[in-house]
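User: I would like to learn how to read annotated sites and helix packing in a model. Can we work through one example?

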Amino acid sequence: MVKDLKAVDKIVINAGELVTAAGNSDRPKVGTELNNLGLIQNGAVAIKGDRIEAVGTTESVIEQVEVTAKTKVIDARGKTVMPGFVDPHTHIIFGSTREKELGLRIEGAEYLEILKAGGGILGTVESTRQTSEDELYYAGKQRLDTFLKEGVTTVESKSGYGLDTATELKQLRVANKLGKTHPADVVHTFLGAHAIPKEHKDNPDKYIEIVVEEMLPRVIEENLAEFCDVFCEEGVFNIDQSRKVLQTARTKGILPKIHADEINPLGGAELAAELGAVSADHLGKATDRGIKEMAEKGVVAVLLPGTLFFLMKDEYARGRRMVEEGVPVALSTDRNPGSSPTESMSLIVSLACLKMKLLPSEAINAATINAAHAINRGHLIGSIEKGKQADIVIFDMPNHEYLPYHYGINHVERVIKKGTIVV
C-alpha cells in the first residue's frame, strides 16, 4: 500500500551544500556543538504553507512529498542554502543619522566622551523625539528591507532613543506596527535605560524611578515589549541601577537582557548570570569570572564585533574563550545610527572569524540557531528542520566557508520568509 504523500507548495532541490544548523531547538549550542552545522550535500527542503515539510538529500525529500504541477521548484545547484539569519540586537527605530561622529572619532574622541558632550545616543534622542511616528515607520521599513536583502529574516528591535515616556512608547509602537506589516519578524525590547537624559544628568537615580514607575507600567499596559534591556556601563547605569530595572521588569513578566561590559569591566556579565538574563550583549571587557558564571547559568552571549570594529577598538570580545568555557555564543549587527550602522550579518560573521577566532561553522551557528535562542525563538526559527518556520536563504556561493572568506559582499540570491519568496 502506497503511503499518501503531502503536496508541497515549494521545493528547493540540488543544493550544493544545505546548512541545516539542526540539533538544538530546545537550547543553544555550546562548545563543540557549535562546530556542527548539520551539512547535507545535494540537499533539498520542501515547504508547505509557512512551514518546512521535509529536509534531506534531494532524492530522499522527493520520495517524502508530492511535487505537483503547482509546486514551485527552485534549483539550487552549486549554491549554499541556509536558515535565515536572526539578528538578536538592533536599534532600528531612530531619527537622524550620526555620520559626523566618524570624523570626531578618527581625530581621537572616545565614544563615552561624545556621549558626555551631548552627542552619541543623546544626539539621536533629540532627533527621535522630534520625528513623527510615520517618519520613524518609513525609515524603519527601509532598514528592514535592507536586512531582508542581506538574508536576515528576524530582527530584534530596541527602544532607547526617547528617554522620556512618550518617545519610548512611540518607538515601541512603531516597531510593533512594523512587525505586523513587514515580511521580516520583529521582536520587541524596552530599553528606557539606554542613557541618562540631559534633564536628569545630575540625578540618574531619579530617572531610574521614572523608568521603573512610569515607563514600564505603560509598556506592559500596551503589551509593547517582550524583553527589557539596560545599558550597564561606566558613565551610564551602574550595577545597582541596572539590577533594579531588570528585577522589576522580570517580576512583571518582561524578560531581562543587558548591555554588559562593552567598554569597561563593570560586572554586567556577572549581573546577567545572577538575574538569569536571556542574554548579555557586547561583553568586550567581560571578566573571566563573568564568562564562567554565564556558562553556568546558560546566559547567551550576544557578541557585536561590528561595533568594536566601527569604534576602532583593538580588543574584541573573547569569543574563542567563551566557546571553550561553554558559553552559548550568538552574533548580531547591533544595527544603530552611531556605533554600528550596518545590516550586513555576513560582514559580522567575517569579523567574528577574523577578530574573535570563531570557526566559520561556529559563527554561522551563532548567527542562526543561537541567535534565535537569544530572543527565545529557537523552537521556531534559526534552523532548517521539519515543522519549523520556512525562513530560508539561498546564497550564490559554493559552501558555508565561502561566506566569511569572501567578505564585504552580499551573496544572497533568494530569501524565503514564512514560505514566501520575498527577495
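User: At which residues does UniProt place the feature "binding site" (unreviewed entry)?

Analyst: First, the ground rules. This is a predicted model, where local features need pLDDT of at least 70, side-chain atom pairs count only at pLDDT 80 or more, and totals for chains, interfaces and linings use all residues. Residues are numbered from 1 along each chain as its sequence is written, and side-chain values use heavy atoms, with hydrogens and water left out. UniProt positions follow the numbering used here, feature names are shortened, and annotations may be inferred rather than shown by experiment. The unreviewed entry puts a "binding site" at His89, His91, His259 and Asp334. These residues are spread over 246 residues of sequence but cluster in space, with a largest C-alpha distance of 12.4 Å.

User: Which of this set are in the lining of the largest cavity?

Analyst: A cavity is a set of points, on a 1 Å grid over the protein atoms alone, where a 1.4 Å probe fits but cannot get out; lining residues have an atom within 4 Å of a point. Here the lining takes in His91, His259 and Asp334.

User: Where does histidine 89 lie?

Analyst: Helices (H or I, at least four residues) and strands (E, at least two) are DSSP runs, numbered from the N terminus. Histidine 89 is in the loop between β8 (85–87) and α2 (100–106).

User: At which other residues does UniProt place a "binding site"?

Analyst: The unreviewed entry also lists Tyr161, Asn336 and Gly338. They span 178 residues in sequence, yet no two of their C-alpha atoms are more than 11.7 Å apart, so they gather at one spot. The lining of the largest cavity includes Tyr161, Asn336 and Gly338. Tyrosine 161 sits in the loop between β9 (152–158) and α6.

User: At what angle do the axes of α5 and α6 cross?

Analyst: Two packed helices are described by the angle between their axes and the distance between the axes. Axes are lines fitted to C-alpha atoms, for helices over the stretch in contact (heavy atoms within 4.5 Å). Angles run from 0 to 180 degrees between N-to-C directions. The axes of α5 (residues 133–149) and α6 (residues 165–181) come within 9 Å and cross at roughly 50 degrees. α5 and α6 are therefore oblique to each other. Oblique covers what is left after roughly parallel (under 35 degrees), roughly antiparallel (over 145) and roughly perpendicular (65 to 115).

User: And at what angle do α13 and α14 cross?

Analyst: The axes of α13 (residues 345–356) and α14 (residues 360–367) come within 9 Å and cross at roughly 135 degrees. α13 and α14 are therefore oblique to each other. The contact is made by Met345, Val349, Ala352 and Cys353 of α13 and Pro360, Ala363, Ile364 and Ala367 of α14.

Definitions and conventions. 1 Å grid on protein atoms, 1.4 Å probe; cavity = no way out; pocket = protein on both sides within 12 Å on 5 of 7 lines; lining within 4 Å.
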